[in-house]
Amino acid sequence: MNRIVFVGLLALSVLAVSPAGAQISIVDVDVSSELGLGGNPTFSKWNVVDGNPDTFWMSDGYGYVDGGDWIDRHDDNAPYIAFYFDGLYAIDRIDITNCQAEDGGRGIRSLNILISLTGNDDDWVSLSDDPHTLVKGINEMWTEQKGTWWEAWGPQTIEFEIPVEARAVKFDILSTQYNYIFGVSPIEGWVNASLAALTDVTFSGTPVPEPVTMSLLALGGLALLRRHSR
Ligand SMILES: [Ca+2]
């Protein structure tokens with residue numbers, strides 16, 4: 001077999017072993033805030049990538065209420081959560097399980113989805129002009145009563161006909177299921193409704209060959225050829 005063809009086939013076979021549409025590995029998660037950070041890990045950002053429908057992340061909320069349980073000031077009026085992959089991927093779908101049960105009102109209603117090609121936090125680009133809208137997460141009590149609502153309210157899928165390349169994806173949360181709109185709704189008495197919450201997110205896609213990797217493959221191939229031709 002011609003050596004150049006052989007090396008080319010070798011490179012192609014390396015690319016071909018990448019599984020199609022597999023779940024993308026998330027190596028880091030960043031959030032604007034965590035409710036109870038430092039004292040209570042119950043609402044950790046890591047709950048969103050643990051695959052457990054019973055655990056969720058909550059932001060710190062915004063505003064304050066005099067008296068009652070919420071006497072301290074909360075300052076997160078622009079909640080976000082960002083996911084960082086272990087490389088560059090062509091994403092073909094995102095599955096989102098919104099916050100559910102008694103905390104479903106704090107689930108996300110509308111969000112902007114942004115992508116980063118570098119994962120360096122300085123090149124976020126919005127995926128569309130209009131925000132995405134999510135429905136309220138499942139409510140176990142209602143599910144028992146209504147049965148079929150479970151399926152209707154399971155993970156909500158966003159599919160991309162043309163896969164989107166990214167190393168990181170960020171959700172800018174614009175409003176909650178309580179219809180608290182960040183930056184618009186009044187501060188007083190709204191802390192409870194301004195806690196943004198999310199249960200689980202998974203991304204599916206295929207690894208994108210890195211330019212560096214491709215160059216190394218080519219260089220390796222050349223070195224191999226040179227050695228063999230001596
Ligand atoms: Ca979870």
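**Confidence, strand pairing and core of a predicted model**

The structure is a predicted model, in which local features need pLDDT of at least 70 and side-chain atom pairs count only at pLDDT 80 or more, while totals for chains, interfaces and linings use all residues. Residues are numbered from 1 along each chain as its sequence is written. A further stretch, residues 6–19, also has pLDDT under 50, with 10 contacts beyond four places in sequence in the model. For the protein, the mean pLDDT is 81, and 69% of its residues reach 70 or more.

The protein contains 4 helices and 11 strands, where helices (H or I, at least four residues) and strands (E, at least two) are DSSP runs, numbered from the N terminus. Confidence is lowest in helix α3 (residues 149–152), with a mean of 46, and highest in strand β2 (residues 26–31), where the mean is 98. Among contacts between residues at least 6 apart in sequence, 74% join residues at least 24 apart.

Strand pairing, which requires that DSSP finds at least two bridges between two strands, can be followed from β6. This strand runs antiparallel to β10, to which it is joined by 12 bridges, and within β10 it is A166 that stands opposite Y89. With β11, β6 pairs in the antiparallel sense over 9 bridges, and T202 in β11 is the bridge partner of D95. An antiparallel pairing over 5 bridges also links β6 to β2, with F85 in β6 standing opposite I26. Strand β10 is in turn joined by 8 bridges to β7, the two running antiparallel, and the bridge partner of I113 in β10 is F171. Strand β7 has 2 bridges to strand β9 (residues 132–133), again antiparallel, as well as 2 bridges to strand β8 (residues 125–126), which are likewise antiparallel.

A nonpolar core is a set of buried Ala, Val, Leu, Ile, Met, Phe, Trp, Tyr and Cys residues joined through C-beta atoms within 7 Å. The largest such core has 32 residues, of which F56, W57, M58, I81, A197 and L198 touch the most other members. Two or more residues of this core come from each of β3 (57–58), β6 (80–98), β7 (108–116), β10 (156–176) and β11 (197–207), and the largest share, 8 residues, is given by β6. Leaving aside residues up to four places away in sequence, M58 touches L35, F43, R106, L195, A196 and A197.

Residue D60 is placed in the loop between β3 and β4 (62–63). D60 counts as buried because it has 23 C-beta neighbours inside 10 Å. Not counting residues up to four places away in sequence, D60 touches S33, E34, L35, H74, D75 and D76. For D60 and D75, which are 15 residues apart along the chain, the C-alpha atoms are separated by 7.1 Å.

How values were computed:
A residue is buried if 20 or more other C-beta atoms lie within 10 Å of its own, exposed if 12 or fewer, and partly exposed in between; C-beta atoms are placed from the backbone. Two residues are in contact if their C-beta atoms, placed from the backbone, lie within 7 Å. pLDDT is the predictor's confidence in each residue, from 0 to 100.
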